[in-house]
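Please examine the sequence and the three-dimensional structure shown here.

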There are 2 protein chains.
Amino acid sequence: MVAGIVGLGLMGGSMGLALKSIPHINRVVGYDHNPTHCDEALKHHLVDEIVSWEQIKQSDVIFLAIPVEGIIKVLEGFTDLSPECTIIDLGSTKEKIVENIPPQIRHNVVAAHPMTGTEKFGPSAALPDLYRDKIVVLCNLDESGEHQRKTAWSLFEAIGMKIVTMDAKEHDRHAAYISHLPHAISYSLANAVMAQEDAKNILILAAGGFRDMSRLAKSSPIMWEEIFKQNRSNLLEAMDHFEEELKRCRKLITDGDWDGLRRWMEDANKLHDIL
Amino acid sequence: MVAGIVGLGLMGGSMGLALKSIPHINRVVGYDHNPTHCDEALKHHLVDEIVSWEQIKQSDVIFLAIPVEGIIKVLEGFTDLSPECTIIDLGSTKEKIVENIPPQIRHNVVAAHPMTGTEKFGPSAALPDLYRDKIVVLCNLDESGEHQRKTAWSLFEAIGMKIVTMDAKEHDRHAAYISHLPHAISYSLANAVMAQEDAKNILILAAGGFRDMSRLAKSSPIMWEEIFKQNRSNLLEAMDHFEEELKRCRKLITDGDWDGLRRWMEDANKLHDIL
């Protein structure tokens, strides 16, 4: 089986490394519109070969590891594929992508969201174990062809992922709270702190807490611009709920209601029981 | 030299482990008003011995590793100390503590804030290397006695810390942005997400991002209630600035100003140059 990867950054590059280690893949070929990415991907052995757009479309399975607006555009151009071809999109939003798959290739596509990543990006950020023991959410799987479902399932299992299925609309609502909102908060925190504090004091006072809370603010703006765009209404709703909690916190502090504040923090501590 | 530690949780317990490993400390004694903490501290060998309140006051150096309101109360009761005794408070706020040191023992006290910690608490959370290679901020050092300054400086160096000096008022303003605000945000995020999402979906979709952003929400409510209380006005100001950035983010998304949003995220990326 030949696997093609479109987009050789953190997610695509790491997928190349993962696929190269499993037996049913004979060859991993890659495509990236950025020539520097192609060079780096070869240098780090993320793929066996860089191929042309025409050649990548000949792969048995094609992973789309590009920003989510790009995924929709690429799918629109995939009208001359073999009926057996499996396309797996790795986008962080799912509803808009699934809605926009051209009907004639709907059975070719498996919509996937691997719950993994780092704040780093580009081919040099690729990690061989990025996907291992992580969860991948497969959306609206009944709309994919049987061959494609089986192919995707066995590949994700082979690289060590745990598979969960979910409706695309539901996925996007949950992802807004659990992934996209934290990114919006982290970007806001980084900008607020850098506007008020100089680099020296940030370096002195940033213990683990601030480092963790601001790590996501280092993420790729191009990637996140498109995620925020595609999941706009869910994200705005999640921001509403977060702002309500922040207002509650502010009111407890302003009112000097320290017992209330402690109880509110004890509620947050219940996260211990989940994560 | 005998070191006494008041409060045998994460900070005090880890200080016990660190002090036991350096040559100029002959004995580390501990005090905690919670008998379970005393038992655990002995079990984990955090201190050599648990002693009475009268005995802890005989130590050559006394570390106060208790919540910040407790530090003020304990200092008020320290009126019968030897003039040579060094008291080092490890509180996360500094202005209120320094203001409230009784004048007759002002020279005894060194106000310190070690920039380290984890979200865990209690004696079992203690780590031998919690302080190693971390920064400790010493505040208003010129108000401490010469002997006490030298004692504190040499002890922090001996346990591997990097020493920075700062005015207490300045410290609290910076800490509000870089440490206290991130905690308020993390508690708010945890409560917002748990109100909207069930445990199953949080577990499925929480990749590294949400785990990092919600980690601080597991911190001790008793400790943070008192920090928020003591640093209230600085924290409220920091929350204002954060809310402005979040509003900016929301407006860019609402207006569909994707170029503006990307540039705003690129600004946040500049954190890369600092941390």
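In chain A, the mean positions of the 29 positive and 40 negative charges are 4 Å apart. Here Lys and Arg count as positive and Asp and Glu as negative, while His and the chain ends are not counted; the place of a charge is NZ of Lys, CZ of Arg, CG of Asp or CD of Glu.

This is a predicted model, in which local features need pLDDT of at least 70, side-chain atom pairs count only at pLDDT 80 or more, and totals for chains, interfaces and linings use all residues. Residues are numbered from 1 along each chain as its sequence is written, chains are lettered from A and ligands numbered from 1 in the order in which they are written, and side-chain values use heavy atoms, leaving out hydrogens and water.

Chain A contains 12 helices and 8 strands, which are DSSP runs numbered from the N terminus (helices: H or I, at least four residues; strands: E, at least two). Its radius of gyration is 21 Å, close to the 19 Å that the globule rule gives for 275 residues, so chain A is as compact as a globular protein of that length. This radius is taken over C-alpha atoms, and the rule is 2.2 Å times the number of residues to the power 0.38. Of the 275 residues in chain A, 61% are buried; buried means under 20% relative accessible area, exposed over 50%, and partly exposed in between (1.4 Å probe, protein chains only).

How is chain B related to chain A?

Helix α9 (residues 208–215) of chain A is mostly covered, with 6 of its 8 residues buried. The buried residues include A:Phe210 and A:Met213. Their cover includes α7 and α8 of chain A, together with α7 and α9 of chain B.

B:His45 lies in the loop between α2 and β3 and is exposed, with a relative accessible area of 54%. B:Asn140 lies in the loop between β7 and α6 and counts as buried at 12% relative accessibility.

Notes: Contact = heavy atoms within 4.5 Å.
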